[in-house]
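Hi,

Here is the structure I promised to pass on.

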Amino acid sequence: MKLSVKEAADFLGVAKSTLRRWDNEGKLVADRTEGGHRRYPKDKLIAFQKKDNNQSKLTIGYCRVSSHGQKDDLKRQVENVSNYCIANGYQFKIIRDIGSGLNYKKKGLKELIELIESRKIERIVVNYKDRLIRFGYEMFEQICELNNVEIEIINHTENKTYQEELVDDVLSIITVFSAKLYGSRSSKAKKIKETNKELFD
């Protein structure tokens with residue numbers, strides 16, 4: 001019995017794009033119909049699933065700061081997360097990211113999501129909860145649950161540096177919306193930006 005890409009993706013619990021990528025990488029090569037369509041023998045998928053489940057999965061230590069000026073903080077995060085993983089006996093890899101918690105297109109975050117989707121990791125370790133994303137954490141957590149990935153947070157206390165980052169993120173949101181509402185060059189948008197800086201500084 002041979003399954004289509006959609007049926008095979010549903011069977012393995014991955015996205016269709018993941019199957020296509022695995023085919024291109026030679027990880028799970030599909031058969032081809034005369035018309036060039038991918039087809040997957042079910043016994044081949046079962047064998048792949050068993051092999052994949054037997055392989056030890058990685059722990060990802062995700063470390064993020066908002067700007068290049070915080071490289072010392074990034075270094076401390078990497079050290080804390082690495083020590084935590086070593087102490088727990090995890091086989092791990094560190095992903096470093098630089099960018100706002102509101103930026104969902106960061107290189108490291110995209111790599112992390114791809115690893116979650118492909119079910120190559122067992123857990124994610126972060127120093128603080130908001131190192132992952134600023135808003136929408138519950139949705140990110142649900143994506144992890146659906147792919148059997150745990151999230152381990154080392155520190156649950158607030159950090160002054162991260163509170164300052166939150167202020168910067170809120171300011172950026174207000175600036176973007178006021179620019180869209182009034183035009184980026186309008187005097188009203190500039191006044192709103194200046195007033196917000198005075199309030200938060």
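To start with a quick one: does C144 count as buried or exposed? C144 counts as buried, because its relative accessibility comes out at 1%. Before you go further, keep in mind that this is a predicted model.

C144 also takes part in a helix pair. In α6, C144 is joined by F140 and I143 in meeting L109, L112, I113 and I116 of α5. Sorted by class, that contact between α5 and α6 has seven nonpolar residues, with no polar and no charged ones. As for geometry, α5 covers residues 107-117 and α6 covers residues 137-146, and the two pack at an angle of about 35° with their axes 9 Å apart.

Since cysteines have come up: how many disulfides does a search of the whole structure find? The answer is zero. Take C63 as an example. The closest cysteine sulfur to that of C63 belongs to C85 and sits 8.6 Å away, which is too far for a bond, because a disulfide needs the two sulfurs within 2.5 Å. C63 is buried too, with a relative accessible area of 0%.

C85 turns up again around T59, a residue in strand β4. Not counting residues up to four places away in sequence, T59 touches C85, Y90, Q91, F92, K93, R123 and V125. T59 counts as buried because its relative accessibility is 0%.

Some of those names come back with E152, which lies in strand β7 (residues 150-153). E152 is in contact with Y84, Y90, R123, I124, V125 and V126, leaving aside its neighbours within four places in sequence. Its side chain has a polar contact of 3.0 Å with the side chain of Y90, and another of 3.3 Å with the side chain of R123. So is E152 buried or exposed? At 15% relative accessibility it counts as buried, because the cut-off for that is under 20%.

Last, there is one annotation to look at. UniProt, in an unreviewed entry, lists S66 for "active site". Where does S66 sit? You'll find S66 in the loop between β4 (58-65) and α4 (71-87).

Cheers

Terms used:
Residues numbered from 1 in each chain as written. Predicted model: local features only at pLDDT ≥ 70, side-chain atom pairs only at ≥ 80, totals over all residues. Heavy atoms only, no water. UniProt positions renumbered as here; feature names shortened; annotations may be inferred. Helix = DSSP H or I, 4+ residues; strand = E, 2+ residues; numbered from the N terminus. Axes fitted to C-alpha atoms, helices over the stretch in contact; angles between N-to-C directions. Contact = heavy atoms within 4.5 Å. Nonpolar A, V, L, I, M, F, W, Y, C, P; charged D, E, K, R; others polar. Buried < 20%, exposed > 50% of the residue type's maximum accessible area, 1.4 Å probe, protein only. Polar contact = N/O pair within 3.5 Å; in protein donor to acceptor, adjacent residues only side chain to side chain.
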